Amino acid sequence: MKIIAARKLLKANDQLAEENRARLDAAGVFCVNVVGSPGAGKTTLLEALFATVAGRVKPAVIEGDIAGSLDAERIAKLGVPVVQINTEGACHLDANMIAAALGSLDYDAVDVLFIENVGNLVCTAGFDLGEHLRIVVLSTSEGDDKAAKYPAIFQGSDALVITKADLLPHTNFNADRITADMKRLAPNAEIFQVAALRGDGIVATADWLVQKLSSGR
Ligand SMILES: Nc1nc2c(ncn2[C@@H]2O[C@H](COP(=O)(O)OP(=O)(O)OP(=O)(O)O)[C@@H](O)[C@H]2O)c(=O)[nH]1
Ligand SMILES: [Mg+2]
């Protein structure tokens, strides 16, 4: 019987991720991995960001979903190039899937590539995709204890975007608690609070991204 250790598979993923990053660097494309639970507001955040950065950057998206193309259809409606990956059951994207999707991108038409990962706070933490930045999205209705309970995904992220801030009056979400946990887990990470459907906090998030894009290339 042949047994393959998970650690070896992760090592292979890390090597492929480095190759993806080198390929993106050579093409001058900055890449952002967007992670968070199912329904946290990842696609809605992207939609709001694209409306705000229109004319300033040329975005593209790789959508990761277990099935279907609903999110890709939402992004395509905005005129933004999009590639859909169906993981067919897998709870996260990996570097190999991204390598395959990169072949479908016209690099000349893109300067920032967003990867919307499969909705998941656990599995996505272990897989480098070759991105330059990772943003973790957490909605106010999910609870302020999530960084304490799922530390790995928060620890490796460059920003926390707290979404659905408009729902704060209807929840017991304590922004101070999650901020304190995030400061402990990822002291250098930026923290944004947004209500993407009505636009609150989107300009600050977009400005930070554009600045990261300019300094990261
Ligand atoms: N009230 C409120 N609802 C929001 C906000 N952002 C997103 N939603 C709603 O939350 C639901 C999920 O939003 P999506 O953006 O599809 O979430 P997602 O993280 O992309 O979901 P998956 O891709 O399935 O993991 C939708 O019904 C959105 O309209 C917000 O700022 N405020
Ligand atoms: Mg989505």
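Let me start at the surface: Glu88 counts as exposed, at 73% relative accessibility. For that scale, buried means under 20% relative accessible area, exposed over 50%, and partly exposed in between, with a 1.4 Å probe and protein chains only. Glu88 is found in the loop between strand E3 (82-86) and helix H4 (95-102), and its phi is positive, about 50 degrees, although Glu88 is not a glycine. Most residues other than glycine have a negative phi.

Before I go on, the ground rules. This is a predicted model, where local features need pLDDT of at least 70, side-chain atom pairs count only at pLDDT 80 or more, and totals for chains, interfaces and linings use all residues. Residues are numbered from 1 along each chain as its sequence is written, chains are lettered from A and ligands numbered from 1 in the order in which they are written, and side-chain values use heavy atoms, with hydrogens and water left out. Helices (H or I, at least four residues) and strands (E, at least two) are DSSP runs, numbered from the N terminus.

There's another residue with a positive phi: Lys164, near 60 degrees, and again not a glycine. Lys164 sits in the loop between strand E6 (159-163) and H7, and it is partly exposed, with a relative accessible area of 28%.

So what does Lys164 have 3.0 Å from one of its polar side-chain atoms? An oxygen atom of ligand 1. Polar contacts here are pairs of N or O atoms within 3.5 Å; within protein, one must be able to donate a hydrogen and the other to accept it, and residues adjacent in sequence count only if both atoms are side-chain atoms. Backbone N or O atoms reach ligand 1 oxygens too: one from Gly41 at 2.9 Å, and one from Ala196 at 3.0 Å. The protein covers 73% of the 650 Å² of accessible area that ligand 1 has on its own, by the Shrake-Rupley method with a 1.4 Å probe.

Around ligand 1 there are 18 residues, and Gly41, Lys42, Thr43, Thr44 and Asp166 come nearest; near means that a heavy atom of the residue lies within 4 Å. Helix H2 (42-53) gives the most to that shell, with three residues.

Now the magnesium ion, ligand 2. Which protein donors does it have? Thr43 (OG1), Asp71 (OD) and Glu116 (OE), lying 2.1 Å from it. Donors are N, O and S atoms within 2.8 Å of the metal (3.2 Å for Na, K and Ca), and water is not among the atoms, so sites may look incomplete. Along the chain the donors follow the spacing T-x27-D-x44-E. Asp71 lies in helix H3 and Glu116 in strand E4 (residues 112-116), so the pair ties together parts that are 45 residues apart in sequence. Asp71 and Glu116 are both buried.

E4 takes me to its partner, E1. Seven of the seven residues of strand E1 (residues 30-36) are buried, so E1 is largely enclosed by the rest of the structure. Five bridges join E1 to E4, and the two run parallel; DSSP has to find at least two bridges for strands to pair. Phe30 stands opposite Val112 in E4. E1 also pairs with strand E5 (residues 133-139), in the parallel sense over five bridges, and there Gly36 stands opposite Val137.

Last stop, Thr179 in helix H7 (residues 175-185). Is Thr179 buried, partly exposed or exposed? Partly exposed, at 25% relative accessibility. A polar atom of the Thr179 side chain lies 2.6 Å from the backbone oxygen of Ala175.
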